[in-house]
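These are my notebook entries on a single model.

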Amino acid sequence: MGKQGRKRVVSSHALFLIALLQCRFLAFAILDPLDFLALQLIRKSLHDLPGSNFLASWDFTSDPCNFTGVYCESDKVIALNLGDQRAGFPGLTGRIDPAIGKLSALTEFSIVPGGVFGSLPRSISQMKNLRVLAITRNFISGNIPASLGRLRSLKTLDLSYNRLTGKFPRSIGTLPELSNVILCHNNLTGSVPPFLSQALTRLDFKRNALTGSLPDSFPPSLQFLSLSWNQLTGPVDGVLSMLDQLNFLDLSFNRFTGPIPVRLFSFPITNLHLQRNSFHGPVQPSDLVTISTVDLSHNMLSGQISPMFSTVQNLYLNHNLFTGQVPVSLVDRLLASSLQTLYLQNNYLTGIEINPTAEIPQTSSVCIQYNCMVPPVQTPCPLKGETEKTRPTALCNEWKG
């Protein structure tokens, strides 16, 4: 082949390589340079836990918009979901790089359960379009940045099962679009802040170290409220009476006092947990209670047990100060297998109309020991129940007096 022919071949190869490089350059040019750099820094600060290969696709010689967990629109990253979302797969470890704040168009940022540690970068507050921030079951520590109160579009904040400390910033409570706030299983202190969003449906602060009383009001849109396993005090009848959209309420294991609002029993609640507090006074619902599970145990409730509870499936009234006869309607529902759990132990009840030969359905559980009567039937009670069958007569007389 002549020199001129070789030159033509070389030129053809050179043109091909130039075209290929141009194509690759154009592929990279699709993503905004700031977003490209931010993803690189985020990648450097995170690593796969053993058994995970989530970050294997993060090869920056290819288009980052094709990376697993990266979602783009035009030239911007709009969603970042880090870690394999399939159940049982290990997650990531490392820290969240402050460069996350450079993803200015991000609307969703989540990290699946894993071993990510360190504090939340304050730069997250720069993502003005963020609607979902969900980092759950990791080891995030430190305070929740008050600057998150700048995220005016935020709808879901889920930082549950971490190691967060300090007070929940009141600035976040002012966000107008919040619908889900899930911060259970942390070490937060201080009081429950007021929330202004009229779209708030879920509020979960279970298992923290919150103190003080409840705010004067919650948004009436609230459907799920869990504040159990804290150190909250004071009455609840004022604030709860207005939440007629509630379908789940758990205030157990606190120090609440005062009466239980009667209106509560007419709300569309499926599970009502008020056990292990200091609620007192009578409980007399005005209509049949349609709540599936009602747990009022370990309080200081008194008076007679209302027959309106006969339509409940699981009823826990044990360890209170109830007196008088057990309503016949509760016994009838128990024997018909409609009432599956009836715990009345450790009260001051004086009688229950049930035939000693009656057979308690195997699907039902009843415990009536340690009251001011001899139990007409012997039933297996919880393992941690009272060992004595009947309350001493002196105590019963003292209570009557």
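**Entry 1. Cavities**

How many cavities of 30 Å³ or more does the structure hold? I found two cavities of that volume. Before going on, I note that this is a predicted model, in which local features need pLDDT of at least 70, side-chain atom pairs count only at pLDDT 80 or more, and totals for chains, interfaces and linings use all residues. Residues are numbered from 1 along each chain as its sequence is written, and side-chain values use heavy atoms, with hydrogens and water left out.

I record the terms for the search, which was run on a 1 Å grid over the protein atoms alone. A cavity is a set of points where a 1.4 Å probe fits but cannot get out; a pocket is an open set with protein on both sides within 12 Å along at least five of seven lines; lining residues have an atom within 4 Å of a point. Grid points are joined across faces, edges and corners, and a volume is the space filled by probe spheres set on the points.

The largest cavity has a volume of about 50 Å³. I list its lining as Ile368, Gln369, Pro375, Val377, Gln378, Thr379, Cys381 and Lys389. By class, that lining has four nonpolar, three polar and one charged residues (nonpolar: Ala, Val, Leu, Ile, Met, Phe, Trp, Tyr, Cys and Pro; charged: Asp, Glu, Lys and Arg; polar: the others, Gly among them).

The second largest cavity holds about 40 Å³ of space. I read its lining as Val331, Leu334, Leu342, Ile352, Ile354, Ile360, Val366, Ile368 and Val377. The classes here are nine nonpolar, no polar and no charged residues.

I then looked up the second largest pocket, whose space is about 150 Å³. It is lined by 14 residues, and those closest to its centre are Asp84, Gln85, Ile111, Val112 and Pro113. Which strand gives the most to this lining? Strand 5 (residues 108-111) does, with three residues; strands here are DSSP runs of E of at least two residues, numbered from the N terminus. I count the lining by class as six nonpolar, five polar and three charged.

**Entry 2. Strand pairing**

Strands of a sheet pair through backbone hydrogen bonds, either parallel or antiparallel. I took two strands as paired if DSSP finds at least two bridges between them.

Strand 6 (residues 115-119) pairs with strand 8 (residues 139-142) in the parallel sense over three bridges, and Phe117 stands opposite Phe139 there. Strand 8 is also joined to strand 10 (residues 163-167) by two bridges, again parallel. Gly142 has Leu164 as its bridge partner in strand 10.

Further along, I traced an open sheet of seven strands with parallel pairing, in the order 14-16-18-20-22-24-26. Strand 14 (211-212) and strand 26 (348-352) each have a single partner strand, so one side of each is left without a neighbour in the sheet. Within this sheet, strand 20 (residues 278-281) and strand 22 (residues 300-304) are joined by two bridges, and Gly281 faces Leu301 in strand 22.

**Entry 3. Asn230**

Is Asn230 buried or exposed? I note it as buried, because its relative accessible area is 6% and buried means under 20%, exposed over 50% and partly exposed in between (1.4 Å probe, protein chains only). Asn230 lies in the loop between strand 15 (224-226) and strand 16 (231-234).

Leaving out residues up to four places away in sequence, Asn230 touches Phe205, Lys206, Arg207, Asn208, Ala209, Leu210, Phe253 and Asn254 (contact: heavy atoms within 4.5 Å). A polar atom of its side chain lies 3.0 Å from the backbone oxygen of Phe205, and one lies 2.9 Å from the backbone nitrogen of Leu210.

**Entry 4. Positive phi**

Arg207, one of the residues that Asn230 touches, has a phi near 55°, a positive value in a residue other than glycine. I place Arg207 in the loop between strand 13 (202-204) and strand 14, where it counts as partly exposed at 34% relative accessibility. His319 also has a positive phi, near 60°, and is found in the loop between strand 23 (314-316) and strand 24 (321-326).

Technical notes: Helices (H or I, at least four residues) and strands (E, at least two) are DSSP runs, numbered from the N terminus. A polar contact is a pair of N or O atoms within 3.5 Å; within protein, one must be able to donate a hydrogen and the other to accept it, and residues adjacent in sequence count only if both atoms are side-chain atoms.
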